[in-house]
Amino acid sequence: MSRRTALLLGCIFSFMFSSAAVAYNQNPNLNYGNTNIIDAMLPPPGLYMSNYMVFYSADEFKDGNGESFPMNNELDLVVYAPQFIWVSKKELPHGLRWGAQALWPMFGFDVNSDLGLDSGGGILGDPCMGPFIGSAIPLAKDLVFHWFFEFDVYFPVGAYDKNKAINPSANFWTFEPWVTMTLQMPYGFTFSTRQHLTFNSKNDEYVNPGVTGDFNDHDLEAGELWHFNYSLMKTLDFINPNLRFGVVGYYGQQLSEDEVDGVKLQNSEEEVFAIGPALHYIHKGMIFSLKTYFESEVENRPEGEKVVFRIIIPF
């Protein structure tokens with residue numbers, strides 16, 4: 001079969017399953033469940049290296065109605081993301097602390113799809129950088145509210161192949177203000193949530209004949225997105241007070257529809273909910289966390305399971 005014939009058949013499939021053609025347009029580098037355990041408790045001043053290892057597996061691709069695409073469609077993903085976090089020694093007025101972070105993920109994809117979905121060949125995702133500011137506010141005995149605000153920018157310099165459905169790079173700028181909050185409670189309980197608002201610029205190399213009817217470059221603008229991570233943890237004092245166990249998760253809801261060449265794509269909003277168990281351990285200044293997520297209530301995304309292992313090393 002010639003490549004042109006294959007592309008035309010792919011176009012026909014895209015028209016038959018139109019929601020497949022409009023799905024998965026958000027930035028693939030966003031933070032879904034990577035950080036949530038005692039998230040807002042800033043460490044002492046200094047430089048830290050945070051290492052994220054993410055393993056994701058999905059055997060269902062969902063459309064805009066939450067229904068699975070026909071035939072066999074599988075995605076396996078491995079991500080390693082080194083991050084440097086710097087916390088300043090100088091405090092601002094009112095006890096405010098500040099710093100900055102920079103992160104650059106690397107991807108490995110394995111896609112098996114009877115619908116012809118495929119991934120690009122590169123490994124580098126889009127780097128993310130941003131400053132932060134926050135503080136800790138004592139509310140009562142053994143009750144402290146921690147928070148910090150950050151403004152992140154994702155730079156579209158990673159690997160992107162416009163002829164592939166799945167790529168490490170979004171090929172557009174993403175701007176994301178967010179705030180994280182942790183309530184430190186008596187008896188070793190903590191509750192944390194990190195709330196993000198995501199705004200995207202245009203991808204001017206969007207190719208999807210199922211949407212546009214041709215193989216030319218078009219302008220895609222992914223809709224605004226609200227997503228958050230959460231955790232409820234408890235110290236296991238009978239084993240070690242530095243060991244925590246609890247429940248973690250994330251949720252994402254796209255607030256507006258995607259647009260191609262200024263025209264809204266109906267029913268293109270993404271949604272996902274995930275929950276699972278987590279362990280967190282502090283040893284000699286190093287922090288280790290292991291989290292497992294099980295996704296449900298998915299629309300316009302793959303639905304699967306995710307494992308996140310994180311190590312934070314102080315310098």
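Mentor: Gladly, and one term comes first: two strands count as paired if DSSP finds at least two bridges between them. Keep in mind too that this is a predicted model. Its protein chain has a mean pLDDT of 90, with 92% of the residues at 70 or more. Residues 1–22 are another matter, as pLDDT there is below 50; in the model this stretch has 30 contacts beyond near neighbours in sequence.

Let us take strand 7 and its surroundings. Strand 7 covers residues 174–184 and pairs with strand 6, residues 143–154, in the antiparallel sense, over 11 bridges. To find your place in that pairing, look for histidine 146, whose bridge partner in strand 7 is threonine 182. Strand 7 also pairs with strand 8, residues 189–200, again in the antiparallel sense, here over 9 bridges.

Now go to the turn. Strand 7 and strand 8 form a hairpin with 4 residues between them, and tyrosine 187 lies in this loop. Its backbone deserves a look: phi of tyrosine 187 is near 65°, a positive value in a residue other than glycine. Is tyrosine 187 buried or exposed? Tyrosine 187 counts as exposed, because its relative accessibility is 71% and the cut-off for exposed is over 50%.

Leaving aside neighbours within four places in sequence, threonine 235 is in contact with Tyr187, Gly188, Pro241, Leu243 and Arg244. So the exposed tyrosine 187 is among the contacts of threonine 235, a residue that counts as buried at 8% relative accessibility. The side chain of threonine 235 also makes a polar contact, at 3.1 Å, with the side chain of aspartate 237.

Aspartate 261 is not a glycine either, and has a positive phi of about 55°. You will find aspartate 261 in the loop between strand 13 (259–260) and strand 14 (263–264). With a relative accessible area of 43%, aspartate 261 is partly exposed, whereas tyrosine 187 counts as exposed.

How values were computed
Residues are numbered from 1 along each chain as its sequence is written. This is a predicted model: local features need pLDDT of at least 70, side-chain atom pairs count only at pLDDT 80 or more; totals for chains, interfaces and linings use all residues. Side-chain values use heavy atoms; hydrogens and water are left out. Helices (H or I, at least four residues) and strands (E, at least two) are DSSP runs, numbered from the N terminus. pLDDT is the predictor's confidence in each residue, from 0 to 100. Contact means heavy atoms within 4.5 Å. Buried means under 20% relative accessible area, exposed over 50%, partly exposed in between (1.4 Å probe, protein chains only). A polar contact is a pair of N or O atoms within 3.5 Å; within protein, one must be able to donate a hydrogen and the other to accept it, and residues adjacent in sequence count only if both atoms are side-chain atoms.
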